[in-house]
Amino acid sequence: MPSEHPTALLAVIGGSGFYKMPGLEEVERWQPETPFGPTSDEIMIGSLHGKRVAFLPRHGVGHRLMPHEIPVRANIWALKALGVQGILAVSAVGSLRQEIVPGHMVVPDQIIDRTRGGRPTTFFGDGLVVHVGFADPFCADLSARLVESAGRVGQTVHAGGAYIAMEGPLFSTRAESHMYRSWDASIIGMTAVPEAKLAREAEIAYAMLATATDYDVWHESEADVSAAAVAEIVAQNVQSAQRIVADVALNLPADWTSTAAGALFGAIMTDSRRVPEEIRERYARLIEGRLS
């Protein structure tokens, strides 16, 4: 990695309302150039409890980007350039279960992808065919740390559950919401895909702290989800999420490394002799040492 880049062990991708990370010290601001264009916003890199942590607001400061407009490939590429080993993705979600009350947190362990193919979900192509395993989309280690940290700060948290990744930007129909409940899904949101998929291709561990803001539209006695209702509870959730993230950083070993390291080994299907040199150069940050 070029010496002029800052470095970070951990990255926080902030969702709705989560536009800054209190406690960051010795902050550097970095607006990277990537092969996939600019990132959602400038990246802030600083020290949090002695760990180098990068912070990136997913929708841009002021919430300027729709879910399908988020430049996820640029975001993940930039975090890879920083040497990030793990991503904590904070995201507002709707609850699909009675016991997940708005204001509670969820650390999911599975994803059901209901996006519609308009978002790039891979870095690769252009003559380089890669099929990475994705059976367990979230890092079990980072997820466990999020659950433990939530307990330490006194936040109600649900460990595990399936996240429905919907296309948006409209919320669900009532029929869809009931269907997702019949699938035994726990929460619904618009941003885990392609974020989790691209993190896996970049060999960065990925875990999500999902903050429940509403009951979607399935609940008979609660108001239907709306932007106004989401905004009302987001501020409370953000403060709790910030405390949890800070606690994870405090307790993360300084030598912690990605549980997704090596995800590309055996995943590259293209004969290395047939990969054009310009493609090798373009994807060098990801595939160096991975081509057979």
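A residue is called buried when its relative accessible area is under 20%, exposed when it is over 50%, and partly exposed in between (1.4 Å probe, protein chains only). Welcome to this predicted model, where local features need pLDDT of at least 70, side-chain atom pairs count only at pLDDT 80 or more, and totals for chains, interfaces and linings use all residues. Residues are numbered from 1 along each chain as its sequence is written, and side-chain values use heavy atoms, with hydrogens and water left out.

**Overall build**
- Along the principal axes, the C-alpha atoms fill a box of roughly 60 × 40 × 30 Å.

**Inside and contacts**
- Of the 292 residues in the chain, 55% are buried.
- Among contacts (heavy atoms within 4.5 Å) with a separation of 6 or more, 82% join residues 24 or more positions apart.

**A look at helix H1**
- Helix H1 spans residues 72–81, and nine of its 10 residues are buried.
- The buried residues in H1 are Val72, Ala74, Asn75, Ile76, Trp77, Ala78, Leu79, Lys80 and Ala81.
- Just after H1 comes Gly83, with a positive phi of about 85°.

Notes: Helices (H or I, at least four residues) and strands (E, at least two) are DSSP runs, numbered from the N terminus.
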